Amino acid sequence: MEFKYSTGNKKIGKDTVIFNMGSATECSSKKAGLCDIDCYALKAEIQYKNTLPARQHQEKYWLANDSFTIAEAIQKAVSRNTKVKITHVRVNESGDFHTSECLDKLIEIAEMLPKTKFYTYTHRSDLIDDSTHMRLPKNLVINTSDWPVSKLLRIR
């Protein structure tokens, strides 16, 4: 299965790879009752016919592969882009962590690629707690949503 990604958009610079663990249509936060906002990512999946299938493909890739395989694919994507130097990976423009194993996998990927900055947003207050920031590598930022700012996880 091929690693598919996009780079940049109107809000994010072209120096950023975008990869999703899932779609907004099937969002694990929404299913867990942790997110009740009107999701902009869902609007894109409804408006553009290729968006949902692309995100579903990314989800299958994420779930089917281990952290080493995904890190290797990200590294190839970074080195393949010759027009703009890729310095960031945005994880989950849509969707969220499925399980704590997904959180662990992302941490492992960031540890394998220390020169690349990773960031994501989450509503998964059931998976993120005060001890999570102690496990994060310096190049991974997890922005939390809908709970106290004290749990905002930033680069140490």
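**Salt bridges of the predicted model**

A salt bridge, defined as a side-chain nitrogen of Lys or Arg within 4 Å of a carboxyl oxygen of Asp or Glu, joins the side chains of Arg55 and Glu45, with an N to O distance of 3.0 Å. Arg55 belongs to helix α3 (residues 51-64) and Glu45 to helix α2 (residues 40-47), so the contact ties together parts that are ten residues apart in sequence. Helices are DSSP runs of H or I with at least four residues and strands are runs of E with at least two, numbered from the N terminus. The structure is a predicted model, in which local features need pLDDT of at least 70 and side-chain atom pairs count only at pLDDT 80 or more, while totals for chains, interfaces and linings use all residues. Residues are numbered from 1 along each chain as its sequence is written, and side-chain values use heavy atoms, with hydrogens and water left out.

Both Arg55 and Glu45 are buried (under 20% relative accessible area; exposed is over 50% and partly exposed in between, with a 1.4 Å probe and protein chains only). Arg55 also meets Glu93 in a salt bridge at 3.4 Å, N to O. Glu93 lies in the loop between β3 (88-91) and α5 (100-112), so its pairing with Arg55 in helix α3 ties together parts that are 38 residues apart in sequence. The relative accessible area is 15% for Glu93, which counts as buried, and 7% for Arg55.

A further salt bridge links Arg135 and Asp104 at 2.9 Å, N to O. Arg135 is in helix α6 (residues 132-135) and Asp104 in helix α5, so parts that are 31 residues apart in sequence are tied together. Arg135 is partly exposed at 40%, as is Asp104 at 28%. Shared partners join Glu45, Arg55 and Glu93 into one network of salt bridges. The count comes to four salt bridges.
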